[in-house]
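Please consult the sequence and the coordinates alongside the text.

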Amino acid sequence: MTVMNETPIRPSTPAARRPRKRQFSRDIAETKLFRVLRWLVIIGLLVVTVFPFYYMITLSVRDIGSLIADPARIWPNLAEISFDAYTSVLASVADGGQGFTGFIITSGLVALGTVALTLLIAIPGAYAVSRLQFFGRRQISALFLAVYLFPSILLAVPLFVFFTKLGLRGAIGVLLVVYVSQTIAVSIFMLRNYFQTIPESLEEAAALDGLGRIGTMLRISLPLAGPAIMSNALFVFMIAWNEFLFALLFLVEDRDKWTVSLGLAQLSGSLEVPTTVLMAGSVILTLPIIILFFGSERLLSEGLTAGSDK
Amino acid sequence: MSTTTTLRRKGSVSRRQARAGIALVSPSVIIVLVLVVLPILWTVMLAFQDVRLIQIRRANLFGNYTLDNFINVLTSEALWSSLGTTLTYSVLGTGGAIVVGLMAALALRNAFRGRTLVRAAMLLPYVSPVVAAAFVWKTMLNPQFGVVNAWGTGALGWDQPVSFLTTRTSEVEILGLTVPVPTALFTVIAFEIWRTFPFVFLFVTARLQAVPKSIEEAARMDGAVPTQMFRHILLPQLLPTIAVLSVLRFIWTFNNFDDVYLLTGGGAGTEVVSVGVFNYLIGRGDIGSASAQALVLAAILTVMVLIYMKFAVKDEEVA
């Protein structure tokens, strides 16, 4: 934290006191104005941020015919509420649905796999970078920062070409490894910052008690870093679940391998699937993130301020 | 124990530590090297070759170097116009996100009932999947059954529905003057601001919590009014954070692919450079030109990352 220089309080000589009177009415006017403006901003932003999600839900329980007949109405009539869109979007293609159940399984597996693998690799890495002295430590830190800032579109071309050449492009495992490579830098960054806040004396005490390096890491530092690891896990899950570009590049050809994001994007281009059905798909795509988010708002916002996605 | 043995023991401890450190960090480094650094280097090689997607399985990827791709990409009108589009998109998108995020953080600074919930709601656009968000926006803006056009033509009295995402420019009358407005581009910028202002909001809120109240109280005693307090007390303290956020957001907006691709597919005057790279690669199957264009993007980006690192050294806490 940067400490700001304290502004010395001016002595209240008569000369200094004079402008205060002149400003008195301005002060009242401004205070009143900002009290009103503040609420306008809050309400305005609340409407803008929440309305699209509200709209998503209402459309998902309405019938497409009623939407086209009356697009200005933003609430569903009680009589027309139905969950047909959900059954339709979740049913497999063979049963005349859109096969989102399969997409959810793929997305879930990829996201959970990415979280597990990223943590497994990033935790020791972050610990080493924050605690151990070794040659090239600073360079490695800088490398991770640079990688974290580099956007995925630049990697799209070579990775696409490379895995096409190997004939492995459609493999879900390949997508998972690519996701890990995308999240590992930010994970190390977040976790490193946390490990640095753990007092070294704790670890020295453990070492005196005869614990080795790895033992200290597992028994002392990891449990202390629990909350940070948790918020990092949520953050990585969010990135992997929401990811679109690599899923598009790698899996687009085989509908059985689509993730929820990819499925929704691909189907929203076709005219055959009614918008209301796809809205149900959007709700299904968004819901896990919202549940995780509200279930752990504090954790996730800590995670978000510690790092961020691209 | 003599000093030499202590020294030797110290030496072996640090050597052991170094070995442990390298062992623990190497899986991360290997993954990053293999899947990020090497591919970037390989892009450089691809950019100097004439490689097509169709013959990729047979092509020899180490030979026949040529400058054609760069000549192609750099002399094409498309690159320069899309660089202009990208710049407008990033400057307005970043600026908008900073202004809205700052306003949100200031408005929510003082506690009130339900503030926690409002704060959480502010983050919704940022955490929700971009595909779902883009789809809802597309539906809301749909000229046939979208709510925006339904209200616009109904309550607001527009002559006809506006196809926000497929209109390149539309004439808008402001104070009697007819001004051409890049409709689709402004719409994707609005979407970008909507999706990323929470990021700014989050960081500015965190920074605001660290501003000591005592300074403001002192200024208040001195007769400072709210605008003066913001200008002379809050803003100077927030400025380093805002600077870092601007660079960070600018870098990411500059390279953003998802938002534009999902909303317009790069049509109607919204083709940013990253969508151009994608179109070269998938649409035309021209790997060489896609790589060359990606490198142009990377070169600009490298400059920006260096700028960011300069800032980040000064203000590590935000990184």
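## Cavities

A cavity is a set of grid points where a 1.4 Å probe fits but cannot get out, and its lining residues have an atom within 4 Å of a point. The model examined here is predicted. Four cavities of 30 Å³ or more are present in the structure.

The second largest cavity holds about 60 Å³ of space. Its lining consists of F150(A) and L154(A) together with I40(B), T43(B), A294(B), L295(B) and A298(B). In chain B, α1 (3-47) and α13 (287-314) are the elements that give two or more residues to this lining. The largest contribution comes from α13(B), with three residues. By class, six of the lining residues are nonpolar and one is polar, while no charged residue takes part.

## Chain A and its surface

Chain A contains 14 helices and zero strands. Of its 310 residues, 52% are buried.

On the surface, a nonpolar patch is formed by L33(A), F34(A), V36(A), L37(A) and L40(A), which together have about 450 Å² of accessible area. One of these residues, V36(A), is located in helix α1 (residues 14-60) of chain A. V36(A) counts as exposed because its relative accessibility is 51%, and the cut-off for that class is over 50%.

## Salt bridges

Over all chains, the structure holds 12 salt bridges. One of them pairs E30(A) with R26(A), with 3.3 Å between the closest N and O atoms. These two residues are four residues apart in helix α1 of chain A, so about one helical turn separates them. E30(A) is buried at 11% relative accessibility, whereas R26(A) is partly exposed at 37%.

Another salt bridge joins R73(A) to E80(A), the closest N and O atoms being 3.2 Å apart. R73(A) is buried, with a relative accessible area of 13%, and E80(A) is buried at 17%.

In chain B, the side chains of R52(B) and D286(B) form a salt bridge with an N to O distance of 3.7 Å. R52(B) lies in the loop between α1 and α2 (68-75) of chain B and D286(B) in the loop between α12 (273-283) and α13 of chain B, so this pair ties together parts that are 234 residues apart in sequence. R52(B) is partly exposed at 32% relative accessible area, while D286(B) is buried at 6%. Elsewhere, R62(A), D70(A), R73(A) and E80(A) are joined into one network by salt bridges that share partners.

Conventions: Residues numbered from 1 in each chain as written. Chains lettered and ligands numbered in written order. Predicted model: local features only at pLDDT ≥ 70, side-chain atom pairs only at ≥ 80, totals over all residues. Heavy atoms only, no water. 1 Å grid on protein atoms, 1.4 Å probe; cavity = no way out; pocket = protein on both sides within 12 Å on 5 of 7 lines; lining within 4 Å. Points joined across faces, edges and corners; volume = space filled by probe spheres on them. Nonpolar A, V, L, I, M, F, W, Y, C, P; charged D, E, K, R; others polar. Patch = residues over 30% accessible without salt bridge, like charges linked within 9 Å, V, L, I, M, F, W, Y side chains within 5 Å. Areas by Shrake-Rupley, 256 points an atom, 1.4 Å probe, with all protein chains shown as cover. Salt bridge = Lys/Arg side-chain N within 4 Å of Asp/Glu carboxyl O. Buried < 20%, exposed > 50% of the residue type's maximum accessible area, 1.4 Å probe, protein only.
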